[in-house]
Amino acid sequence: MYANPLPIKTWGFNHGFDRLDRFWLMKTNKRKFVKIFGRITLLLQRSLGIKVKRYPLSYYAGSNWLNLTHESVTYVFKFLKEKPRFIEKLQYSRATDEIWIQSIIMNSNLKDLVIHNDLRYIDWETGPDYPRILNNSDLEKIKISKALFARKFDFKKEKINIDSFIMSLNDCIPNE
């Protein structure tokens, strides 16, 4: 997993801390409403000095796509069982799926074992969609990336030649 300490300069909303420090009412599927309402309430909370008191630990963030060991998952569940207040504090937060697990692991004795790589091939650069919807022309780039997973495909638009891709990956696996 990626785990970068907050604040993160490229994250808006106070470099990630407003995700934790403000109330975000996100219980609707109406994305445009959430975006507009969220910005209005954020401005109001900032101007009135309204803040949520954070759970006391150092916060880390990264991709919400994670690869965790059994030991890590066990530790996360143990932490949540022993410290239910941590999740309660995140109830009205925004996009904490990119924060909560990283923060738990990086505040544990497992932090030195973290490999800062989510093993995903995601193209945020070439568009036209962001992330780019991958197709057969991307298979060679995925193969040389050494990623174990790729995001995102639209199988309704194009039949991806996964079989030949998997066969070519088998060529990359060393013989014993």
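**Exercises on burial and aromatic pairs**

Thr 41 is buried, with a relative accessible area of 17% (buried means under 20%, exposed over 50%, partly exposed in between, with a 1.4 Å probe and protein chains only). The model is predicted, so local features need pLDDT of at least 70 and side-chain atom pairs pLDDT 80 or more, while totals for chains, interfaces and linings use all residues. Residues are numbered from 1 along each chain as its sequence is written, and side-chain values use heavy atoms, without hydrogens and water.

**Exercise 1.** Find how far the C-alpha atom of Thr 41 is from that of Phe 23.

Solution. Step 1: the two residues are 18 apart along the chain. Step 2: their C-alpha atoms are separated by 8.1 Å.

**Exercise 2.** Classify the ring pair of Phe 23 and Tyr 92.

Solution. Step 1: rings of Phe, Tyr and Trp (its six-membered ring) pair if their centres lie within 6.5 Å; planes under 30 degrees apart are stacked, over 60 edge-to-face, and the rest tilted. Step 2: the count by this rule is seven aromatic pairs. Step 3: the centres of Phe 23 and Tyr 92 are 6.3 Å apart and the planes at 55 degrees, so this pair is tilted. Step 4: Phe 23 is partly exposed at 37%, and Tyr 92 is partly exposed at 35%.

**Exercise 3.** Classify the pair of Phe 79 and Phe 86, and state whether each residue is buried or exposed.

Solution. Step 1: with 5.4 Å centre to centre and 85 degrees between the planes, the pair is edge-to-face. Step 2: Phe 79 is buried at 8% relative accessibility, and Phe 86 is buried at 0%. Step 3: Phe 79 and Phe 86 form one aromatic cluster with Tyr 55 and Tyr 75.
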